[in-house]
Amino acid sequence: MIIDLPDTTVSQVAKQLVKVREDGGAVALGRVLTLVIAARNGVAEAAIDAANDASREHPMRVIVLTVSDGPAHLDAQIRVGGDAGASEVVVLHAYGEAASNEESLVTGLLLPDAPVVAWWPEEAPTEPAASPLGRIAQRRITDAATTPDVRDRLALLGRTHAPGDTDLAWTRLTYWREQLAAVLDQPPYEEVTAVEVRGASASPSTALLAGWLQMALDVPVRWSYEDPEEWQEGIKSVRLTRASGDILLERPVPGTAVLTQPGQPDHELHLPRRTLRECLAEELRRLDPDVLYGRVITEGWDQLSAPETPGVRTPAAAAPTSEPEA
């Protein structure tokens with residue numbers, strides 16, 4: 001069921017939500033959190049679809065806020081039932097001066113006594129924790145992969161990081177981290193002496209994986225970007241060097257990886273790029289700060305050497321004194 005509320009107010013939207021519940025169309029019982037999505041019109045529906053899918057694991061209220069130029073007014077839409085998965089979706093489209101105070105637009109619609117998660121599917125604030133929506137949220141989700149220069153964005157995320165911040169570029173690494181940890185947890189238990197990571201130049205996950213491995217193994221990590229004509233997206237390979245030989249986890253084609261180890265036959269593994277729904281659902285499973293991500297985006301990124309690609313700036317150079325818009 002979809003209810004349109006043109007030229008309305010937040011108070012009227014809240015009253016309509018109560019009416020919907022009283023009429024039996026939806027209930028707030030069982031909702032575990034409020035997800036606030038700040039998105040432009042072009043990506044709002046994709047974000048709503050991902051949130052609806054994730055709501056089957058995390059029943060929640062979803063508030064979507066988009067802003068546009070024009071005469072000041074607020075249009076709203078309420079979606080419940082089959083149009084909202086296991087959530088209730090409130091879409092707010094604010095125009096002109098009506099969008100000047102984002103916090104006040106959503107505060108009156110938050111579930112009482114429930115955690116708040118803020119998500120920017122594309123353009124994120126320079127400092128998410130200090131933004132109007134970030135101040136009311138326990139968790140703040142960004143996505144460095146949607147920015148034009150991922151190195152500048154990672155440097156900025158490191159400088160402005162606050163407990164509760166996370167990025168979907170980190171979440172996309174879960175399968176890689178699990179597989180590499182499983183390999184190193186098997187004999188022979190030899191020290192890793194060198195690491196090499198390769199991936200696409202548009203993939204911030206490549207740098208985050210290199211930073212994590214450098215922190216976890218306490219060895220220098222070489223990392224490089226692939227030729228865009230040969231490799232289009234994500235991480236391509238990780239090589240771990242030990243005395244008995246190299247361990248190579250390589251994804252030659254999207255979705256499939258090959259694990260090569262000394263003295264063992266090659267193993268073909270299912271290693272797909274994670275969907276937006278999977279990444280969002282994982283982030284909603286924890287509402288406490290991700291301490292490991294915080295260390296990787298700050299300490300790990302600062303310690304990481306420059307990628308071995310001609311003309312690519314070092315992490316230090318990617319952190320100018322003026323804060324870039326990534």
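Is D7 buried or exposed? D7 counts as exposed, at 57% relative accessibility; the cut-offs are under 20% relative accessible area for buried, over 50% for exposed and partly exposed in between, with a 1.4 Å probe and protein chains only. My other notes follow.

1. Ground rules. This is a predicted model, where local features need pLDDT of at least 70, side-chain atom pairs count only at pLDDT 80 or more, and totals for chains, interfaces and linings use all residues. Residues are numbered from 1 along each chain as its sequence is written, and side-chain values use heavy atoms, with hydrogens and water left out.

2. Most residues other than glycine have a negative phi, and most peptide bonds are trans. D7 has a positive phi of about 45° although it is not a glycine, and sits in the loop between β1 (2–5) and α1 (10–22). Helices here are DSSP runs of H or I with at least four residues, strands are runs of E with at least two, and both are numbered from the N terminus. D113, also not a glycine, has a positive phi of about 55°; its loop runs between α3 (102–107) and β6 (116–119). With a relative accessible area of 86%, D113 is exposed. Then there is a cis peptide bond from P187 to P188, with omega near 0°, and P188 belongs to the loop between α6 (174–184) and β9 (194–199).

3. The largest pocket. Its volume is about 300 Å³. Of the 16 lining residues, A38, A39, E102, W120 and E123 are the closest to its centre. A pocket, on a 1 Å grid over the protein atoms alone, is an open set of points with protein on both sides within 12 Å along at least five of seven lines; a cavity is a set where a 1.4 Å probe fits but cannot get out, and lining residues have an atom within 4 Å of a point. Grid points are joined across faces, edges and corners, and a volume is the space filled by probe spheres set on the points. Strand β3 (residues 60–68) gives the most to this pocket's lining, with 3 residues. By class the lining has 10 nonpolar, 2 polar and 4 charged residues, where Ala, Val, Leu, Ile, Met, Phe, Trp, Tyr, Cys and Pro are nonpolar, Asp, Glu, Lys and Arg are charged, and the others, Gly among them, are polar.

4. The cavities. The whole structure has 2 cavities of 30 Å³ or more. In the largest cavity there is about 110 Å³ of space, and of its 13 lining residues R172, W176, R251, R273 and R274 are the closest to the centre. That lining divides into 6 nonpolar, 3 polar and 4 charged residues. The second largest cavity has about 50 Å³; its lining includes R140, L157, D165 and Y293. Elements giving two or more residues to that lining are β7, α4 and β8.

5. Aromatic pairs. The count is 2, with rings of Phe, Tyr and Trp (its six-membered ring) pairing if their centres lie within 6.5 Å; planes under 30 degrees apart are stacked, over 60 edge-to-face and the rest tilted. The W170 and Y293 pair is tilted because the planes are at 50°, with the ring centres 6.1 Å apart. W170 is in helix α5 (residues 168–171) and Y293 in helix α9 (residues 291–303), so this pair ties together parts 123 residues apart in sequence. Both partners are buried: W170 has a relative accessible area of 2% and Y293 has 1%. The pair of W223 and Y225 is edge-to-face, 5.4 Å centre to centre with 80° between the planes, and both of these residues are buried.

6. Charges over rings. R177 lies over the face of W212, 5.3 Å from the ring centre. The charged end of R274 sits over the ring of Y175, at 4.8 Å from its centre. The test asks for NZ of Lys or CZ of Arg within 6 Å of the ring centre and within 35 degrees of the ring normal.

7. Covered parts. Helix α4 (residues 150–160) has 10 of its 11 residues buried, among them R151, D152 and R153. Its buried residues pack against β7 (139–142), β8 (165–167), α7 (204–217), β10 (221–225) and α9, with contact meaning heavy atoms within 4.5 Å. S237, in strand β11 (residues 235–242), is buried at a relative accessible area of 2%. Setting aside neighbours within four places in sequence, S237 is in contact with W176, E196, V197, R198, L248, L249 and E250.
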